[in-house]
Amino acid sequence: MLFTELGLRAELLRAIGEQGYDTPTPIQQKAIPAVMTGRDLMATAQTGTGKTAGFTLPILHRLASGPNTRTSRRPRVLVLVPTRELAIQVEESVRTYGKHLSINSLAVFGGVGINPQIASLRRGVDILVATPGRLLDHVQQRTVDLGGIEILVLDEADRMLDMGFIRDIRRIIALLPKQRQNLMFSATFSPDIRELAGGLLHQPVSIDVAPRNTPAELVTQRVIETNREQKKDLLLHLFETRGWHQVLIFARTKHGADALSRHLEKAGIKSAALHGNKSQGARTRTLSEFKDGKLVALVATDIAARGIDIDSLPYVINYEIPNIAEDYVHRIGRTGRAGIEGEALSLVSHDERAFMRDIEKLIKLDLERLVIPGFEPSAHAAPRPVQPPRAPRRPQMQGKTPNRISPPKTGGPQLHRSGGRHR
Ligand code: AMP
């Protein structure tokens with residue numbers, strides 16, 4: 001199927017062509033016609049599936065094709081997203097695909113001055129992309145009027161619930177006109193999501209798509225057991241021996257991310273940290289430097305990394321193991337996309353073994369353990385020696401054939417993955 005077969009306006013087809021796309025992804029094939037006809041939608045899809053264009057294109061089509069109400073200053077479409085980064089990305093998509101239409105869009109999010117946003121809102125916005133907290137600030141200051149919303153999108157709804165936005169979301173929904181189209185996107189279909197969808201959506205079209213990745217596009221997941229105090233040097237050793245050029249590294253805390261990034265910089269590895277304490281400007285700049293290949297390593301916390309969309313990111317390193325197992329699935333979902341094979345390595349110290357086991361339970365796989373000579377976990381704390389004490393030092397990793405799995409589809413435990421030993 002081609003984009004030209006979907007009945008989208010010529011201005012949109014032109015913008016799509018300029019992006020170099022001709023074939024809609026599976027979610028786009030299903031979502032675009034459904035949204036164009038005005039139906040509500042519940043889509044289970046992760047970042048990487050093309051979901052953003054899946055809702056942006058038909059929304060732009062509807063706005064441009066309906067009776068022109070652009071004289072009104074009120075937004076007609078509201079897209080709620082969990083993070084600033086995602087707000088920026090979604091609004092960029094709206095601008096990219098809407099560039100041949102005269103439709104105004106704006107992203108509003110916290111952590112930056114509110115006055116420029118107020119000025120933009122005053123000039124008139126058709127499509128408003130917002131994080132819930134900052135949107136409610138605007139509501140409170142009466143700098144936005146949500147009474148003209150025709151279409152509501154909840155993007156990464158599961159993330160918004162995880163981040164505790166449910167009350168904000170309900171407050172926002174209460175301000176919208178009853179008569180409207182509702183689109184909901186979520187990586188998982190948890191009971192909470194089901195409940196939210198039940199109260200929000202009217203006879204929705206349901207879409208459940210696998211990520212854009214085919215089984216040929218795989219993420220190799222492995223665990224390296226070591227000691228906590230050796231992790232920094234082990235990481236440098238891996239950089240040296242494996243010639244990494246673009247690595248996303250996850251740390252658990254902002255402080256830890258900063259410290260690790262400094263350590264890498266000292267060793268001559270171009271690195272930056274990405275977390276919530278950085279100003280919005282710094283975060284945006286860091287992300288684009290990483291995307292452009294100016295940084296070799298990006299050390300991120302889970303929240304800061306949410307929604308980061310980097311095509312062909314080859315390596316994800318879990319420098320520290322998340323204590324929420326679902327975060328692991330989101331972390332490794334950053335690689336193995338867009339046809340490029342990915343590798344996810346988790347550096348696990350003794351105190352993290354229980355977290356790692358929870359993760360393996362969730363993903364229903366026993367991941368292969370590796371030990372890097374010179375960085376073995378110390379015997380006293382190790383319940384089972386994995387390497388003879390006097391093994392010769394070898395520069396490369398040792399281990400069996402790695403588990404190869406398809407990247408996660410929904411982040412839930414129900415997925416079948418090939419290659420690993422299923423529990
Ligand atoms: P998303 O799932 O919306 O985060 O999109 C993931 C990536 O896929 C983005 O970089 C998009 O630019 C890209 N993309 C979206 N639609 C298509 C398409 N039909 N063909 C190729 N790439 C696409």
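The buried residues of α11 pack against α10 (231-242), β9 (247-250), β10 (271-274) and β11 (297-300), where contact means heavy atoms within 4.5 Å. Helices (H or I, at least four residues) and strands (E, at least two) are DSSP runs, numbered from the N terminus. The model is predicted: local features need pLDDT of at least 70 and side-chain atom pairs count only at pLDDT 80 or more, whereas totals for chains, interfaces and linings use all residues. Residues are numbered from 1 along each chain as its sequence is written, and side-chain values use heavy atoms, with hydrogens and water left out.

In α11, the residues Gly256, Ala257, Leu260, Ser261 and Leu264 are buried, that is, under 20% relative accessible area with a 1.4 Å probe, protein chains only. Seen down the axis of α11, these buried residues fall within an arc of 130 degrees, so they line one face of the helix; the arc is that of the directions from the helix axis to the C-beta atoms. His255 and Lys266, on the other side of α11, are exposed (over 50%; values in between are partly exposed). Gly268, whose phi is positive, near 90 degrees, follows α11.

Elsewhere, seven strands form an open sheet with parallel pairing, in the order β3-β4-β2-β5-β6-β1-β7; two strands pair if DSSP finds at least two bridges between them. Because β3 (105-108) and β7 (205-208) stand at the edges, each with a single partner strand, one side of each is left without a neighbour in the sheet. Four bridges join β3 to the parallel strand β4 (residues 127-130), and Ser105 stands opposite Ile127 in β4.
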